[in-house]
Amino acid sequence: MRNCSRVCLLVLCAVGSACTHGKKKDDKPAVAAPRVVATPPAKVEDSKDPWLSGTLPASEMQGEPRSGGDLTVGLSTDPPSLNTYTDSDLVASWITGHRIYQSLVNIDPLDDPEYRVVPELAERWEISPDNKTYTFHLRKGVQWHDGQPFTSRDVIATMDKIQDPTTKAVHVRAYTQELASYSAPDDYTVVFVWKRPYFLTLDTIADWSIQPAHVIAKLTGHQYNDAATNPLNRAPVGTGPFKFVTWESNAKIVIARNDKYWGKKPYLERVLFRIQQDPTVMLQLAERGEIDLVDHMTTDEWVHLNDSPLRNAWNRSKFFSANYGFIGWNLLRPMFADKRVRRALTMLIDRPGIVDKMLHGMPMPTTCHFYWKSPSCDEGLQPLPYDPIAGAKLLDEAGWKDSDNDGVRDKAGVPFRFVFMLPAGAVEGHLWAAKLKEDFDHVGIEMEIQTVEWSAFTKRLTEHTFDACTLAWGGGPRGDPTQIWHSSSIKGGSNYISYKNPQVDKLLEEARVTFDASARDAMYRKFGAILQDDQPYTFLFVRPELNMLSKKIKGARPSLMWWQFENMWLEPQAK
Amino acid sequence: MLKYVVRRVLWMIPTLFGITLVCFLLLRMANADPVSAKLQNPMRAQQISQEAIAQLRALYDLDKPWYVQYGRLVQRLCTLDLGTRWQDGRPIVDVIAEALPITLLLSLLSITLAYLISIPLGVYSAVKQYSLGDRVLTVVLFVLYSLPAFWVGTMFIVFLASGNFLKCPWTADHACFPLQGWHAFDGFAAMSRWQKLGDVAWHMVLPVVTLTYQAFAVLSRYMRAGMLETLRQDFIRTARAKGLSERRVIFGHALRNSLIPIITLIGLELPELVSGAVIVESIFGIRGMGLVALEAIRMPDYPLVITIVAFTAVLVMLGMLLSDLLYAVVDPRIKAGEESR
Amino acid sequence: MAAQSHSYLGIVRRQFMRQRLHRVSLYAIFAILLLAVGADFVASERPILLSLSGKLYVLPNVINPVALRAYDNRRLTQVMSESDWAVFPPVPWGVNSHDLDATLAPPSATHWLGTDSGGRDVLARVVHGSRVSLAVGVLSVIVLVSIGILLGSVSAYYGGVLDLLLMRLLEVVHSVPALLLLVTMLSVIMPTGWRAVVAMMVVIGLVNWTGVARLVRGEILRIKQMPYIEASRALGYGAPRIILRHVLPNALSPVLVTATFAMASAIQIEGALSFLGFGIPADMASWGGMLNDVRGHTGAWWLAVFPGAAIFVTVTVYNLAGEGLRDAIDPRLKS
C-alpha cells in the first residue's frame with residue numbers, strides 16, 4: 001500500500017448492472033469524500049414515543065400501591081444453582097441477592113447514579129480512623145424464613161464457608177484475601193479487620209449474602225458444594241423480603257412474599273420466574289399474557305417489536321447499565337506494541353456503521369471503563385473518529401508499509417497478519433468481525449477470524465496466546481480497575497493484553513486508598529484520558545438492557561441492580 | 001451359541017476401556033481449561049487468585065497426572081458414583097434421568113415409524129421395479145434423503161411454526177405448531193392424561209418428522225436393494241419354477257433374505273436411541289441427551305462426557321451383537337460363530 | 001454396433017447415460033464443480049477486466065492486484081471516468097462484502113437473493129459456499145472410503161484376530177462422538193480460514209468410515225463362500241490377488257452406493273456442524289453457517305430457503321449420479 005489515499009471508503013452507491021462503463025463526471029475525484037462520521041440514519045426512533053425510546057411513562061409510578069397478585073418474569077437461562085457461593089451465576093445472584101438472602105449492608109438500588117451504601121442486616125457500623133476495622137451492629141429480631149433467629153453466628157458461619165479452601169466459593173474467596181480477621185464479640189456485633197484500607201470494602205461486604213448457620217455450619221466443604229447434601233443449593237433459606245417456594249429445572253422458580261419480614265413488606269404475593277430459552281416463545285408467552293416482564297431482550301427482538309400491537313398493553317424499558325464491549329489488542333505482539341498502530345486500528349473500524357446498520361443504532365459508544373453515568377467517567381472524552389484515511393496515514397508513520405509489494409503491510413519483515421479470536425456463541429461479535437476483516441483487508445491488513453469455545457478462549461486469554469480478541473466487561477456502580485489494568489494483573493489477573501503503564505499503576509494504587517470520592521473520581525478521569533491516548537483496547541459500546549413490562553406493572557424503575565420487585569405492585573386488569 | 005454370546009460380552013470390557021480412554025485423552029488433549037472457563041464469568045472481571053484456581057483444579061482432579069485422573073473416573077464409573085455436573089453441581093444421575101426419557105420418546109417414535117413405513121415401501125418398489133409407482137417412490141425417496149434435516153427443521157420453524165406464513169387463526173399466536181419444547185410450557189402438570197398425550201403428540205410432530213424422514217428414506221432404499229438382490233438369486237428362480245404363487249415367493253422366501261441389510265442397521269440405530277439428535281434437539285429446543293452431551297463437551301465436563309460416552313458405547317456394542325445375532329437368525333448360511341472364529 | 005466399445009468402462013458409460021435423469025445429474029455435478037472453481041467470475045467484489053486511467057487490469061477478481069486492494073465494485077464505479085471501462089461479474093458482491101445500507105434485506109434488484117444480517121449478498125455467498133461444500137464432501141469421502149475398504153476387506157478376508165480387532169476398533173470409533181473429536185481438534189490446531197475446512201473434512205472422514213468397513217466386511221464374508229472364490233484359491237492365487245481381482249469388485253457395488261450416500265451425507269454433516277456454529281469462520285461462506293443466521297430472524301425466509309436449497313440440490317444430484325453409477329456397474333443388471 002504505497003498510496004495511502006487509495007483507502008477504500010464505503011460509498012453509498014451500489015453497483016447494479018453487471019457490465020457498465022464509468023459515468024461521465026465533470027471532475028474525477030481522486031478519493032470519494034470520507035465518511036468520517038456516519039450520516040445519521042433515518043431513525044424510526046422518536047424520543048417522544050416512550051415505546052420506541054424505551055422510557056417507562058411517568059404514570060407507571062403513579063397510583064395507590066395495592067397488595068397482592070402474582071408477577072411472572074421471563075428468564076432466558078436456568079441458573080446452575082441458587083447458591084452464589086458454589087456457582088458464580090448472574091441469574092442466581094439476581095434472584096437471591098438482597099431478595100431472598102440479605103447482606104450486612106446493601107447498595108441502594110434506586111439511587112442512580114450514586115448507588116450509596118445503606119444498612120441492611122447491620123443497623124449501623126463504625127469504621128476505625130485507619131480504615132481497617134469495620135464494626136457492624138446487627139439488627140435484632142430478624143428471623144430466617146424457617147423461623148430461626150438471625151445472629152452474628154450466621155455471619156461467622158458464612159465467612160467460614162467462604163474462607164474454607166475446600167468449598168467452591170473461589171470467586172468470592174479472592175476478595176477475602178485482604179481480610180486479616182473476623183469475629184463476633186457478642187450475638188449482635190461483628191468485627192472485620194482488614195490488612196489494608198480499601199475504598200470498596202463496603203461494596204464487597206454488600207456482595208456477601210449471609211447464609212443460615214443452622215444449615216451450613218455442620219457441613220464439610222465437600223458437603224457444602226454438593227447439591228445432594230447442601231439444601232441451600234436448590235432451596236435457599238434467607239432473611240429477605242421474599243422467600244423461596246419451588247424450583248422446577250428449566251421451567252420455573254417461584255418466590256413468595258415473606259410475611260414475617262422485618263422491613264417494608266413487598267406488595268406482590270408471589271414472583272414466578274419462567275425459564276424459557278427461546279426468545280420467540282418468550283414473546284409468544286408475553287403476547288398471551290403469560291409473562292408480565294420480559295427480561296434481557298436482544299436488539300433484534302426489540303426492533304422487531306417496534307410496530308407491534310403489543311404497545312397497547314406493554315411498556316418498554318431501555319437502560320444502559322455498567323458494561324462495555326471492546327476489542328483487546330495483545331500488546332506482546334509486535335504490531336500492537338505501537339500506540340500509533342492501535343490508534344490507527346480504532347480509526348479504521350467503522351463503529352458508527354456497525355452500531356447504526358448492524359445493531360440497529362441501539363448500543364451507545366463509550367470510552368470509559370466505569371459505569372458511563374458515574375463521575376469517574378469524563379463525558380468530554382469522545383471516541384476516536386472513524387477515519388480510514390487518517391488511520392492509514394498513521395500506519396505509514398508507524399512504519400507499517402507494504403515494502404515487498406504483496407498487498408499486505410509489513411515492518412522489519414513481519415507482515416501485518418493477525419488472528420481475531422471470538423468466543424463461540426458471540427452472535428453479534430461474529431457479525432461485525434466479518435465487517436472488520438473486509439475493512440482491514442482494504443488497507444492491507446490481513447485478519448483471520450477464529451471462533452473458539454469459551455473454555456479454550458479463557459485459557460488462551462490467561463496464557464496471553466492470542467493476537468486480538470473481543471470481550472465485554474460488566475460491573476457495578478463503582479469498580480476498581482486494578483484487576484484489569486494494573487501491570488501486576490498481567491499474571492493471574494484479567495490484564496490479558498499485558499498492558500503496562502507505570503503512570504496508570506500509580507494512579508490505580510493511589511485510588512484504592514483514597515476515600516474521598518471526588519478526589520478518586522479525578523484520578524480515574526485522568527486514568528481514562530491515558531487509556532484514550534494509549535488505546536490498548538478499542539472501546540466499542542455500552543449495550544442496553546432491554547426489557548418489556550406489562551402495563552399492569554406499577555412502581556418499576558430500571559436499576560443497575562435489576563428489577564426491584566419489592567417496590568412493584570399490580571394494577572387490577574380491566575377485562 | 002451361548003458361549004459365543006458370553007465371549008462377545010466379555011470382549012466388551014476391554015473395548016469399553018478403550019473407548020473411555022480415547023475420549024478421556026481427547027478431552028485431556030484439548031487446549032481448553034474448564035476451571036478458568038467456570039471462573040471467568042463472560043461479563044465480570046473477577047479477582048481470582050492463583051491459589052483459588054489451584055484449589056478448584058484439585059477439586060476436579062485436574063492437578064493430577066492423566067492416568068490418576070482417568071483411574072478415578074473409571075473407579076467412579078464402576079461404582080456408579082457418577083458425581084455431579086461441573087456446570088451446576090447437579091447429580092449426573094439426575095441430569096441423565098431428566099434428559100434420557102425425552103430422547104427415548106423422540107427416537108423410539110422415529111425409529112418405529114421409519115421401519116414401519118420403509119419395509120412395505122421397499123418390498124413394493126422392488127417387486128414392481130420400474131413401474132410408475134416405483135419411479136415416483138424412487139424420486140420421492142431421493143428428495144427426502146437429500147433434504148438436510150437442519151434445513152427441514154429450520155424451514156418448519158420459519159414457515160409452519162413461526163406464525164408468519166402458515167397461520168392457524170384459532171391459536172393464540174396464529175402458529176400452527178409449537179416452536180419449542182416437547183410439551184406445553186405452562187399448565188402441563190395440570191392436564192389430564194389424554195390432554196397430556198395430545199399435547200406431547202402435537203409438540204412431537206415436527207421434531208419426529210424432521211428426525212425420521214431421512215432414516216426412512218435410507219431404510220427404504222436398502223430394503224429395495226436387498227429385495228432386488230434376493231429376487232435375482234437362484235433359489236427364487238427355483239421357487240418360481242416350482243410353481244409357487246408370487247405372493248409366497250416374495251413373502252415366504254425373498255422377504256426373509258432381503259431383510260439382512262436393514263437388520264444390520266437396527267443394531268447401528270440403537271445408540272442413536274440414547275445419544276439423541278443434537279440438530280433436532282437444538283432446533284426445536286428439546287433438552288434431550290444430545291444437548292446435554294454438547295454442553296458437556298463444550299465445558300468440557302470430564303465425568304459427564306465420559307459417563308455419556310460409556311453409556312452410549314455399551315449400547316453400541318450391544319447393538320452390534322444384536323445385529324450379528326439377527327443376521328444369524330435370518331440368514332442361516334452365516335453361523336453365529338463366524339465373526340470371531 | 002461395431003463402433004461401440006465392449007470394454008467394461010464402455011458398458012458402464014452406456015448404461016449410465018441411458019437414463020436421462022442420470023445424464024442430467026452428471027451435467028449438474030459438472031455445473032456445480034464449474035461454479036465452485038469459477039465462483040470468482042460469478043460473484044466477486046472486483047471486476048473481471050478493468051481499464052482504469054489507461055491501465056488494463058486482467059482478472060483483478062482472481063489475482064487481487066495490490067494497486068486495487070482498496071477498491072471494490074462500488075468504489076470503482078465512483079472513481080471511473082468515461083474513458084475507463086470494466087467488465088463486472090454478474091453478481092457484483094464478494095463473499096465478504098458488506099452492504100451496510102441493506103442489512104437483512106429481502107430479494108431485490110440490487111441483491112437478487114437478499115442479504116444477511118451483516119448486509120452480505122446471499123447469492124454471492126451461496127455461490128462461494130459451493131467451494132466449502134464440495135471440498136468437504138469430496139475429500140472426506142476419499143478419506144472414509146479408503147479407510148473403510150482397506151480395514152473392512154483385510155479383516156474379513158483374513159478373519160481371526162485381525163477381524164476381532166477390527167470389530168473392537170469399529171466399536172471404539174463408533175462410540176467416540178464426532179463433536180468431541182472436532183472440538184478437541186479445533187482447540188488444539190486453532191485453524192483459521194481454509195484450514196478449518198480441512199480440519200472438518202478430516203474429522204468427518206475419521207468418524208464415518210465404519211459404515212463402509214462393515215459393509216465391505218459383510219459382503220466379503222458372503223462372497224468368500226461362493227464357489228468361484230474357492231476355485232481361485234484352489235488355483236493357488238495369493239490372498240491380495242483374490243481380494244483385489246475377485247472379491248473387491250464384487251463387493252464394490254454396495255460400497256459405491258454407500259460412498260455416494262456418504263458424499264451426500266458428508267456435505268450434510270458439514271452443513272450441520274456449521275449450522276451448530278462449529279468450524280467455518282464467519283467471513284467464509286458455508287451453506288450450513290448461512291442457515292444458522294435464520295435462528296434469530298425467523299421472518300427472513302430468504303436466509304432459510306436459498307442456502308438450504310443449494311445443499312439440497314447438490315446432495316440430490318450426487319445421489320442421483322451415484323444411483324446411476326450403481327445401476328451401470330452392477331454386472332447383474334446387464335441384459
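Predicted model: local features only at pLDDT ≥ 70, side-chain atom pairs only at ≥ 80, totals over all residues.

Student: What is the order of the four strands in the open sheet of chain A?

Tutor: Helices (H or I, at least four residues) and strands (E, at least two) are DSSP runs, numbered from the N terminus. Two strands pair if DSSP finds at least two bridges between them. Here the order is β4-β5-β7-β6 of chain A, with antiparallel pairing. The edge strands, β4 (122–127) and β6 (179–186) of chain A, each pair on one side only. Within the sheet, β5 (residues 133–138) and β7 (residues 189–194) of chain A are joined in the antiparallel sense over five bridges. A:Thr133 has A:Val193 in β7(A) as its bridge partner.

Student: Which strands does helix α3 of chain A touch?

Tutor: Two residues are in contact if their C-beta atoms, placed from the backbone, lie within 7 Å. For directions, axes are lines fitted to C-alpha atoms, for helices over the stretch in contact, and angles run from 0 to 180 degrees between N-to-C directions. Helix α3 (residues 152–163) of chain A packs on the sheet and touches β5, β6 and β7 of chain A, its direction making about 155° with that of β6(A).

Student: Which strands stand at the edges of the five-stranded open sheet of chain A?

Tutor: That sheet has the order β18-β17-β19-β13-β20 in chain A, and its pairing is mixed. At its edges stand β18 (446–452) and β20 (537–539) of chain A; each has a single partner strand, so one side of each is left without a neighbour in the sheet. On average, neighbouring strands of this sheet are turned by 30° against each other, direction ignored. Strand β17 (residues 417–423) of chain A pairs with β18(A) in the parallel sense over seven bridges, and A:Val419 has A:Glu448 as its bridge partner in β18(A). Helix α14 (residues 454–462) of chain A lies across β17, β18 and β19 (468–474) of chain A, at about 130° to β17(A).

Student: Is B:Val292 buried or exposed?

Tutor: A residue is buried if 20 or more other C-beta atoms lie within 10 Å of its own, exposed if 12 or fewer, and partly exposed in between. B:Val292 counts as buried because it has 26 C-beta neighbours inside 10 Å. This residue is found in helix α13 of chain B. Not counting residues up to four places away in sequence, B:Val292 touches B:Val95 and B:Ala99.

Student: How many residues does each domain of chain B give to the contact?

Tutor: Domain bounds come from an automatic or database domain assignment. For chain B, the assignment gives domain 1 (17–79) and domain 2 (93–340). The contact takes 12 residues from domain 1 and 11 residues from domain 2 of chain B.

Student: How many residues of chain B are in contact with chain C?

Tutor: In chain B, 46 residues are in contact with 42 residues of chain C. The largest share of the side of chain B that touches chain C, eight residues, comes from α1(B).

How values were computed:
Residues numbered from 1 in each chain as written. Chains lettered and ligands numbered in written order.
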